[in-house]
Amino acid sequence: MIIPIIRTAITGLCRDRASLALSFILPIAFFSIFAVIFGGQHNSTARINVILVDEDHSRASLDLVRGLERESSLAVSTRPASKNKSAAPLPEYTAASAEAAVKAGNAPVALIIPQGFGQNPISFGGDNSAPQIQLLNDSSDMIAPQMVSGLLQKAAMTAMPVTMAEKGMQYTDQYIGGFSPEQRKRMDGNLDQLRQIESRQDAAGSSSAPADSGSGGMIAVKARSVVGQDKRSPMISFYAASIGVMFLLFTATGSAGVLLDEAESGTLDRVLSSRVTMTTLLGGKLIYNTLLAFTQLAVMFLWGWAVFKLDLFTHIPGFLVMGLCTAFAVAAFGMLLASICQTRAQLGAISTLLILMMSAVGGSMFPRFLMPEAMQKAGLFTINAWAIDGFTKVFWRDLPVGQLWQQVSVLLAVGIVLFVLARRIARRWEIA
Amino acid sequence: MSANLPLVNATESSPTPLEIDCLSKSFGEVIAVDGVSLELHAGECLGLLGPNGAGKSTLIRSIVGRILPDAGRVSVFGFAASSPEARAALGWVPQELALYPRLTCKENLAAFGRYHGLSGGKLTESVAWCLDWAALTDRAGDLEKNLSGGMKRRLNMAAGIIHRPRVVLMDEPTVGVDPQSRNRIFEMIEALRDKGAAIIYTTHYMEEAERLCDRVAIIDHGRIIAQGTNQELVHSTFASRSQVVARFAGPADEVSLWVEQHAGHLVDGSAEFTIEHSTEIAGLLDDAAHAGLELLDVTLRRPNLESVFLHLTGRELRD
């Protein structure tokens, strides 16, 4: 008796493509996405963008810059990238422009090596006289500043051996009573050899940094958040947007699926036999689904304001603009899926598959700035990424509505294109 | 039922409500409608009968503009089927319950009324009239999904005439309803016809067609194979012939063979024969006795619409 039951169930499953897709394709797709994000496949481990400003231009600061540039996990830039390759390079970052770049979200961290750093670069034992390197960070990224801080200490240990030795001698002179002439002569000879080795390494351009050099805080660093420093609940707006967009996609798809119910019940035929045309019908449903999605987003942000102190009411214009554009794009996405699918079950399977994948790649489940570069770029093909970027600009960076033009343009364009496609595909219901 | 609201606005000078001329439609290799021509007059109910897959629904959907014919023409009061004028004049009651389950009866009617361009007082008036016509006034606030099968059918019909069309197409509106609801539906259709609506009524139930329809068209394999009043169809098919229905005891294969030899056929265990004169009955029964078949009972029957239908479309299963 058990065998026939199993056999019937297997036959049913094999004929239900939607269940098959959810059972096998979705887990594999998800596994692959997260393997790429966390597994560092294809050598695409996330590199942290760091803006570096050297105000000192001393030997020590240049050594430190070179050491940081050799770090494979850092992408160091000393000047803004030119928009086209043939253009003349832009001027180097200054402290002010670096801070502005961090505020604009161009990089999560900026390091500013102050003037006079080379005169006293090492701060053994909490030497307060050592000039402090400024670390400016965007507090939405909690990992980047800590990594940069650690790598800075590592670079100091490995890229500045001469400076370290000179400083050591200086401390010996200061606290032990100094070297004898013979000792100083031998020390100077060794330092010369060290300088030659360092020069050869620089010429070879290789990274001789040991895998784990540790950090003892030899470089004095003063960290300062330049974005989100006064936010009461730092990540709430990010999660409200990221989770919100994912559920908006589910809601919009489910709501658009009513079209399939109506087609199946014959209601669609009856409606289209009246004065209502397919364009009017789809347009009406698009507006309804947009308003539904926007209301859902508004409720979520209101909840965030009431319970998690999300600063909603000082960002109303930005919220309205981003909320409506996002709602429009997800509504059109839902309409397209509903027009492609033949049945509700098919819509359920395909939408679950697509939405979860888009959410994973687009940053709804895991911040995109922590993903490998290739994944970050792939995320730009999702509605989630553009919506989250826009909401981040509004709620995190406090940017004015005018700064949202990129996100707004993309979301509106996506919405229009998807709706036009949905309208074309919906011709199958119009007339036989 | 209130009678102070005119259902239809037919005028004496109006052209023919519905004209179908050589309509054809194929789906791939399958010819669904094959050169159908029909005419429907005001205040007339035309029964469209045919086996499953005969082309009834395709024909109806072509009339309401949901199917684009390959050839031929459909005109409603002189307007093409796809024109706004034709849409306004046509009412369609589909076979499916094409309603919104989460809306109340009143909300459903109002929604379809708006889709047909009604608003304000006219909409309110039409909704009230339709609720009354469908005997759903006291259930106006009930959700569609909570109604009984018969009520849903009546609401489905009401939604089809909310805009007071002059031509109404009803595709098997009594499927799955109890005799009480069916009787109520008949009254609704008769009321519509009495007010001047031209109605096409498709059904599998011959007694419905006999009761409601002024004329009947029988469609099979996409073609109209006969049309006329009940009497005309019976007369043209059987002339003055009658049917003899007899039951015999004995081995089934012997009975079957004997019935076949005498140009009859077995229906549910009874042998049916068509005879010209009642005197032929005695000869048939004598032959049966000589063949060793024991007669259980015998009936002489005048042919009816069902006899015509089965005679013309055959008895083979179609699906």
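In chain B, strand S3 (residues 45-49) and strand S9 (residues 215-220) run parallel and are joined by four bridges. One pair to look for on screen is B:Leu49, whose bridge partner in S9(B) is B:Ile218. All of this comes from a predicted model.

Zooming out, these two strands belong to an open sheet of six strands in chain B, laid out in the order S6-S7-S8-S3-S9-S10. The pairing across this sheet is mixed. At the edges sit strand S6 (90-93) and strand S10 (223-228) of chain B, each of them pairing on one side only. Going from one strand to the next, the twist averages 15°.

Two helices of chain B come into the picture here. Helix H1 (residues 56-63) of chain B packs on the sheet, where it touches S3, strand S7 (167-171), strand S8 (198-203) and S9 of chain B. The direction of H1 makes about 150° with that of S7(B). Helix H6 (residues 179-194) of chain B packs on the sheet too, touching S3, S7 and S8 of chain B. For H6, the direction makes about 150° with that of S8(B).

Then there is the meeting of the two chains. Chain A brings 13 residues to the contact, and chain B brings 18 residues. On the side of chain A that touches chain B, helix H10 (residues 267-272) of chain A gives the most, with five residues.

Conventions
Residues are numbered from 1 along each chain as its sequence is written. Chains are lettered from A and ligands numbered from 1 in the order in which they are written. This is a predicted model: local features need pLDDT of at least 70, side-chain atom pairs count only at pLDDT 80 or more; totals for chains, interfaces and linings use all residues. Two strands pair if DSSP finds at least two bridges between them. Axes are lines fitted to C-alpha atoms, for helices over the stretch in contact, and angles run from 0 to 180 degrees between N-to-C directions. Two residues are in contact if their C-beta atoms, placed from the backbone, lie within 7 Å.
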